[in-house]
Amino acid sequence: MTLDLNMLEWARAQFAMTALFHFFFVPFTLGMSFLVAFFETIYVKTGKQEWKEITQFWQTLFGINFALGLSTGIIHEFEFGTNWSTYSWVVGDIFGAPLAVEGIIAFFMEATFAAISFFGWKRVSKGVHLASTWLLAIGSNLSALWILIANGFMQHPSNEFMQFDIETSRAVMTNFWALITQPVAQVKFLHTISAGYTLSSIFVLGISSFYLLKGKHVDFAKKSAAVAAAFGLVASIFVAVIGDEHAYEVANTQPTKIASMEGLYVGEKGAPIVAVGIPKNLKATEVTSNDEAFVFKIELPHMLSILGKHGFDAYVPGLKDLVEGNPEYGIWPLHKLAQIGQEARNDLRAYHEAKARGDEAAAEAAKRDFYSVVWQDEKTGLKITKADLIGYGFFANTNVDPNLIYPPVPPVFYAFHIMVGLGFWFILLFIWAWLAIVKGSFVENKLLQKLAVISVPLPWIATSFGWMTAEIGRQPWTVFGVLPTAESATPLALANVQATFFMFLTAFVILGIAELKILFTVVKHGPKGAH
């Protein structure tokens with residue numbers, strides 16, 4: 001069955017919609033689980049009833065989010081088998097392993113200790129209940145770890161932990177430890193959970209400020225805001241710090257993504273960061289300078305080289321270099337990568353044809369060529385084989401536009417810069433709030449409280465744009481450099497994908513409205529017994 005490109009776009013839209021809706025719940029779960037644990041720890045340590053009421057109120061809001069996040073996550077995972085079965089078949093041995101561990105360890109931790117934490121207040125001792133609350137928080141974050149290890153593989157597949165098996169025509173895992181410890185996955189995990197901590201802290205600070213503006217539950221709001229401001233300040237600063245390391249990993253593993261994030265079409269030494277700009281939607285092969293790629297921009301000189309390459313005048317390749325090549329810096333053009341990838345595909349086909357006719361000599365020759373080394377780093381000894389570049393063979397067709405090798409620049413640029421801009425606002429807000437709390441002026445500072453309330457939805461916008469930067473920026477690949485998105489989908493009938501798209505959309509709208517209504521109702525009634 002031939003893949004319908006129109007169906008592909010609908011499948012991508014459905015997966016993006018599900019992932020984006022699911023991601024509304026994930027960061028809140030990651031952060032609020034720890035805030036609830038902090039509140040309960042204070043209650044157990046002090047024995048004061050007011051801290052129990054604070055804990056139970058925020059735990060109620062956390063529980064509502066936790067339940068819906070769980071249900072949308074299950075839908076999300078099933079889509080790998082329904083709409084993206086080719087992807088699942090080719091790389092399932094690698095991608096499925098961390099997801100299996102997540103289900104066995106993290107999911108069962110969450111399920112077990114959520115029951116005790118939510119319903120065990122009058123059934124178990126304080127110590128057991130507190131331990132369950134902490135284990136629920138740890139389990140939730142462990143769940144994110146394993147999922148982001150799987151996503152890290154998609155962002156940066158490496159022959160340190162995988163190999164394309166010529167026998168099965170699938171990617172197989174060769175080193176599980178290398179998979180889970182690869183830097184790309186680890187920095188993604190730290191960046192994601194710290195963003196979740198920031199989001200939940202903004203939420204608690206904003207709701208607490210709302211009560212103070214209304215003159216209700218003042219003592220409850222003061223105590224909640226103090227914990228949220230302290231936790232949020234540390235978390236928001238950590239987001240920026242680990243974001244620097246994340247940018248370094250992206251620059252050295254996904255050069256097309258970092259170039260798209262900054263609208264860098266032509267490589268530069270001492271490349272700048274565009275602090276503010278309006279990029280044009282141009283083709284890299286038609287651009288001769290970075291100035292013509294923007295309608296307007298304000299730059300920070302040398303900053304991209306410093307962040308991406310850790311050098312003041314380091315060279316950062318642009319999209320034009322990555323399409324057309326740059327021999328001076330050892331960057332291969334797309335047509336060379338595509339040629340080698342096509343040779344690998346030919347070897348794969350020749351191997352199986354030889355096997356089918358019983359020609360072992362021809363099969364062995366095809367296998368040797370398939371795994372032959374085409375490049376080796378003299379310093380590290382890292383080797384690249386034809387098999388590692390097999391994904392580029394899909395771009396060998398002379399009719400393929402070479403500009404398709406990188407993502408659309410404006411969406412990635414705007415998503416990244418909005419995320420970063422909001423991140424700096426969160427740091428300023430937490431510094432302001434923490435200083436006001438320390439000085440004892442937070443209750444009287446109505447401007448700060450109003451800004452905190454207005455800021456409540458902003459972390460959801462920031463985290464969503466962060467996800468869009470990561471996922472749109474990886475295009476045109478599902479597994480970077482290995483498997484293109486266009487080759488990953490299940491060849492379904494267009495009508496089937498459209499039907500499930502609207503079915504999920506309807507369900508998500510209903511669930512979203514239900515959650516917001518429940519959250520607003522709980523916030524409106526306030527903490528039981530608060531004063």
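Author: Start with a charge and a ring. In this predicted model, the charged end of Lys336 sits over the ring of Trp332.

Reader: What makes the end of Lys336 count as sitting over the ring of Trp332?

Author: Its distance from the ring centre is 4.1 Å. The cut-off is within 6 Å, along with a limit of 35 degrees from the ring normal. Arg170 is placed over a ring too: it lies over the face of Trp89, at 5.4 Å from the ring centre.

Reader: How many aromatic pairs does a search of the whole structure find?

Author: The search finds 44. One of them joins Phe21 and Phe25.

Reader: Why is the pair of Phe21 and Phe25 called edge-to-face?

Author: The centres are 5.2 Å apart, and pairing needs them within 6.5 Å. The planes are 75 degrees apart.

Reader: What about Phe38 and Trp134?

Author: They also form an edge-to-face pair, 5.6 Å centre to centre, with 65 degrees between the planes. This pair links distant parts of the chain: Phe38 is in helix H2, Trp134 is in helix H5, and they are 96 residues apart.

Reader: Why is Phe38 called partly exposed?

Author: Its relative accessibility is 25%. Buried means under 20% and exposed means over 50%, so a value in between is partly exposed. Trp134, at 26%, is partly exposed as well.

Reader: Which residues do ring pairs link into a cluster?

Author: Phe28, Phe57, Trp58, Phe203, Phe210, Tyr211, Phe220 and Trp460.

Key:
Residues numbered from 1 in each chain as written. Predicted model: local features only at pLDDT ≥ 70, side-chain atom pairs only at ≥ 80, totals over all residues. Heavy atoms only, no water. Phe/Tyr/Trp six-rings, centres within 6.5 Å; stacked < 30°, edge-to-face > 60°. Helix = DSSP H or I, 4+ residues; strand = E, 2+ residues; numbered from the N terminus. Buried < 20%, exposed > 50% of the residue type's maximum accessible area, 1.4 Å probe, protein only.
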